[in-house]
Amino acid sequence: HLTINTVFSNLLMQNEFISFKPTIHVAIVCAGYNASRDVVTLVKSVLFHRRNPLHFHFITDSIAQQILSSLFHTWMVPAVRVDFYDADELKSEVSWIPNKHYSGIYGLMKLVLTKTLPSNLQRVIVLDTDITFATDIAELWAVFHKFKGQQVLGLVENQSDWYLGNLWKNHRPWPALGRGFNTGVILLLLDRLRKLRWEQMWRLTAERELMSMLSTSLADQDIFNAVIKQNPFLVHQLPCFWNVQLSDHTRSEKCYKDVSDLKVIHWNSPKKLRVKNKHVEFFRNLYLTFLEYDGNLLRRELFGCPSEADHNSENLQKTLSELDEDDPCYEFRRERFTVHRTHLYFLHYEYEPSSDNTDVTLVAQLSMDRLQMLEAICKHWEGPISLALYLSDAEAQQFLRYAQGSEVLMSRGNVGYHIVYKEGQFYPVNLLRNVAMRQVNTPYMFLSDIDFLPMYGLYEYLRKSVVQLDMANTKKALVVPAFETLRYRLSYPKSKAELLSQLDMGTLFTFRYHVWTKGHAPTNFAKWRTATTPYRVQWEADFEPYVMVRRDSPEYDRRFVGFGWNKVAHIMELDAQEYEFVVLPNAYMIHMPHAPSFDITKFRSNKQYRVCLKTLKEEFQQNMSRRYGFAALKYMTAENNS
């Protein structure tokens with residue numbers, strides 16, 4: 001009895017101690033698609049080791065803000081707060097400084113943090129995006145207590161010979177104290193810096209030095225060093241294991257006798273992971289560990305550290321607690337509410353929709369096993385594409401390597417790749433479609449699937465149809481007739497006439513003709529063979545055509561996961577909202593063969609899966625009749641007759 005009490009009181013004391021852990025503030029400048037990807041690895045390494053609440057302050061351009069705000073919103077990590085500051089508003093503060101460094105104007109923004117961050121924030125750790133932590137960041141935060149006198153900047157000495165000026169003939173670096181300091185990791189005492197009128201101090205120094213130096217070579221680092229050269233009392237030198245720099249010509253090996261001494265690794269060479277260092281293999285493995293680490297595992301609560309109430313998280317817990325865990329369809333119902341971590345625009349994206357308001361984006365979703373379809377689709381569809389990819393963290397890196405090694409994919413700036421991270425046992429097909437749809441920035445979208453190759457020229461044909469069928473002022477869903485081949489090597493038909501002859505020869509079939517005729521029967525393929533003008537068709541039970549609609553059309557219903565009814569329900573919803581289905585006479589798409597998906601295999605082999613799907617269908621139809629009243633009765637009767 002005594003032992004239990006002792007353990008309990010020890011735990012309480014520990015708890016007391018833990019619950020007073022201070023929030024650690026971290027500031028990071030992050031701009032563009034690549035830096036937004038890099039910073040995630042840094043954040044993972046910090047979250048992995050941390051025991052304290054964290055508050056990230058991101059100075060971002062609009063791209064990084066969109067990506068990171070969505071990522072943190074869906075990551076839902078406890079005891080983490082994130083704020084964003086608009087880097088574009090700060091440009092005028094530093095744009096007068098010519099900078100040759102590859103970081104561009106954003107490489108100068110750490111100079112203005114005293115002005116940018118909240119005036120009541122007293123101290124902050126500032127990090128570059130190419131940093132990996134190998135220890136708890138609280139250890140670094142504790143170094144603030146060692147600052148003495150007028151010390152306001154904590155920095156590690158530069159580990160290359162850059163500032164010694166002997167790297168090559170006529171090499172003229174900015175002035176620095178000895179080897180100078182590296183600004184990849186900085187401890188800033190903001191309140192004291194403000195009192196010292198830091199803003200004025202660095203500006204005057206920069207203006208003076210630029211008269212002879214003309215531009216910076218290492219962005220903010222040159223200016224920090226020039227200020228320190230004049231005011232050495234400002235700097236508190238950090239032990240070099242707080243910023244082990246892996247640039248070329250580096251002396252970083254003198255920094256650590258043992259791997260256990262390592263605390264922070266800084267990949268500060270443009271070569272990044274390919275840098276020369278005799279221990280680089282070890283460093284690379286550490287980095288790759290976090291790169292491929294499952295970010296969902298970092299959602300753990302901090303032991304004994306009550307985090308601020310997060311309303312999204314609370315609402316989610318409440319919703320989940322209302323589900324009946326004994327319900328045989330519990331897992332299906334739960335999936336509908338699962339928040340999947342989402343990284344939008346994983347690769348560079350650049351596209352401005354055409355000004356004539358006819359532009360259309362192809363929307364699809366996929367997992368790792370369909371990656372090989374991407375190049376073919378890009379060859380068939382030159383317009384913008386929005387793709388949701390369902391991947392693990394490790395698969396996301398495989399995808400990145402695949403894409404970067406593909407000339408076809410790298411030559412396209414108008415494909416948005418949005419990673420939805422894997423969680424749970426189902427393929428959340430409709431969530432993926434919704435993620436891809438929400439990132440469409442054209443007035444129209446063509447809702448396709450990854451296994452289909454659209455006919456050559458479909459993009460332009462759909463844009464012409466927008467005008468011809470007055471899509472802007474009417475509620476229409478334009479149907480693109482779907483066909484399939486069982487041949488892996490198909491000579492893709494260049495015209496409708498060629499397609500019809502392949503249909504007659506038996507190398508092509510109407511889609512799902514053998515197994516699920518109802519899905520596409522209302523398209524009326526017999527009429528399509530001879531049609532020369534668009535024609536209207538009526539909705540029928542189980543109709544699931546591929547359609548082009550306006551961007552504001554309804555999303556997919558998330559309760560349908562894996563195989564079955566995921567598109568049928570969406571088409572039913574379009575019909576309930578009085579969309580007209582109009583078949584295009586000269587459009588077609590062809591389904592390419594592939595192995596059956598894991599989910600269709602589950603559907604075929606697992607009776608419970610089929611039972612739950614039927615239950616969800618019935619509930620969906622009841623919802624429809626509640627929402628659309630009398631008009632929705634036909635869905636109930638059609639289902640009963642089918």
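Visitor: Is helix α16 (residues 429–438) mostly covered or mostly open, and how many of its ten residues are buried?

Guide: The model is a predicted one. In it, helix α16 is mostly covered, with nine of its ten residues buried. The buried residues are V429, N430, L431, L432, R433, N434, V435, A436 and M437. Strands contribute to the cover over these residues: among what lies on them are β11 (342–343), β12 (360–367), β13 (385–391), β14 (415–421) and β15 (444–447).

The helix belongs to a protein chain that has 23 helices and 23 strands. Of the 642 residues in that chain, 56% are buried. The chain exposes about 28800 Å², and 53% of this comes from carbon and sulfur atoms. Contacts can also be sorted by distance along the sequence: taking those between residues at least 6 apart, 79% join residues at least 24 apart.

Elsewhere in the chain there is an open sheet of three strands. Its order is β5-β10-β9, and the pairing is mixed. The edges are held by β5 (131–133) and β9 (244–245); each has a single partner strand, so one side of each has no neighbour in the sheet. Between β5 and strand β10 (residues 264–266) there are three bridges, and these two strands run antiparallel.

S160 lies between β6 (153–157) and β7 (181–189). Although it is in a loop, S160 counts as buried, because its relative accessibility is 9% and the cut-off for buried is under 20%. Its side chain has two partners to look at. One is the side chain of N158, with which the S160 side chain makes a polar contact at 3.4 Å. The other is the backbone nitrogen of W162, which the side chain of S160 reaches at 3.2 Å.

To return to the part you asked about: α16 is a helix with nine of ten residues buried, and its cover includes strands from β11 to β15, namely β11, β12, β13, β14 and β15.

Terms used:
Residues numbered from 1 in each chain as written. Predicted model: local features only at pLDDT ≥ 70, side-chain atom pairs only at ≥ 80, totals over all residues. Heavy atoms only, no water. Buried < 20%, exposed > 50% of the residue type's maximum accessible area, 1.4 Å probe, protein only. Helix = DSSP H or I, 4+ residues; strand = E, 2+ residues; numbered from the N terminus. Contact = heavy atoms within 4.5 Å. Pairing = 2+ DSSP bridges. Areas by Shrake-Rupley, 256 points an atom, 1.4 Å probe, with all protein chains shown as cover. Polar contact = N/O pair within 3.5 Å; in protein donor to acceptor, adjacent residues only side chain to side chain.
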